Amino acid sequence: MSEAARSLLQRWGASFRKGTDFDSWGQLVEAIDEYQILARHLQKEAQSQHNNSEFTEDQKKTIAKIATCLELRSAALQSTQSQDEFKLEDLKKLEPILKNILTYNKEFPFDVQPVPLRKILAPGEEEHLEFEEDDEEGGAGAGSPDSFPARVPGTLLPRLPSEPGMTLLTINIEKIGLKDAGQCIDPYITVSVKDLNGIDLTPVQDTPVALRKEDTYVHFNVDIEIQKHIEKLTKGAAIFFEFKHYKPKKRFTSTKCFAFMEMDEIKPGAIVIELYKKPTDFKRKKLQLLTKKPLYLHLHQTLHKE
């Protein structure tokens, strides 16, 4: 084992133990922070190029799955109903795997997928880089996208088990209207459920890359299974949809705009919702419409109740 790899594993192990200690002591804010910071470090290592990494591709896949589990535990701690979600005792099973990542060759104990392969930005970093309006009108073909690492969004989760008297929601994302729809590279949508303080109530999901671009629309036609029964969502919660696309000039994935749906809008059938300018305002305090043109996010809702 190289000194660099040994140092990384020691730092990761210390951070992992710190997070699980905070978790077991009931210091949830500190645990969430530690989990999210470690997940971001693991994601960066998992996405690093072969020549710049201390780990094999198989080892990086395992590292990425551990990062996903850290995010799932973080989401569970932020949820008001966590009995069916990722538990601390589950997370603790991953500590020896992380510690012995160089020799670990068994099947991963949980059925999770690595996060999308894209540049990971710290909170606020993307907003700082992307505060100006998009400057790529007519320039989406610049550079050679094939020369960059593959970006494979798609972290959709299956429908939860039904419960008597409880309602589950499936949202079909049909399409989004944008004036420059045809210029968006590898577009996808990140779906999250937040409370009034912007805290995640369910695991975040990414759609696969859009099916096609046509005129002023990007078409998805993909189902999102909301990962909590509607009756268990906190008052004032909202479902957010962040439209993201790849910027070859800057070599990272950027949020272009966002939309959200509040609880009183959860009704079966079709709905169109307005688009807002970035940065994403999860607290819904300073909203600014993206355009005055009649361009929206088109959704279709299906409610499932036992």
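1. Basis. This is a predicted model, in which local features need pLDDT of at least 70, side-chain atom pairs count only at pLDDT 80 or more, and totals for chains, interfaces and linings use all residues. Residues are numbered from 1 along each chain as its sequence is written, and side-chain values use heavy atoms, with hydrogens and water left out.

2. Helix α1. Helices (H or I, at least four residues) and strands (E, at least two) are DSSP runs, numbered from the N terminus. Helix α1 covers residues 3–25, 23 residues in total. Its span from first C-alpha to last is 33 Å, close to the 33 Å expected at 1.5 Å a residue; the expected span is 1.5 Å times one less than the number of residues. Just after α1, G26 has a positive phi of about 85°.

3. Packing of α1. Its buried residues include L8, W12, F16 and F22. Buried means under 20% relative accessible area, exposed over 50%, partly exposed in between (1.4 Å probe, protein chains only). The buried residues of α1 pack against α2 (28–46), α3 (57–77), α4 (88–92) and α5 (95–99), where contact means heavy atoms within 4.5 Å.

4. Five strands run in the order β3-β2-β6-β7-β9, with antiparallel pairing. Two strands pair if DSSP finds at least two bridges between them. β3 (205–206) and β9 (276–277) stand at the edges with a single partner strand each, so one side of each has no neighbour in the sheet. Eight bridges join β2 (residues 185–194) to β6 (residues 238–247). V191 stands opposite F241 in β6.

5. Another open sheet. Here the order of five strands is β4-β5-β1-β10-β8, again with antiparallel pairing. β4 (212–214) and β8 (269–274) are the edge strands, each pairing on one side only. Six bridges join β8 to β10 (residues 296–305). A270 stands opposite H300 in β10.

6. Aromatic rings. The whole structure holds ten aromatic pairs. Rings of Phe, Tyr and Trp (its six-membered ring) pair if their centres lie within 6.5 Å; planes under 30 degrees apart count as stacked, over 60 as edge-to-face and the rest as tilted. F240 and F260 form a tilted pair, 5.5 Å centre to centre with 35° between the planes. F240 lies in β6 and F260 in β7 (residues 252–262), so the pair ties together parts 20 residues apart in sequence. Both F240 and F260 are buried. Ring pairs link F240, F258, F260, Y276 and F282 into a cluster.
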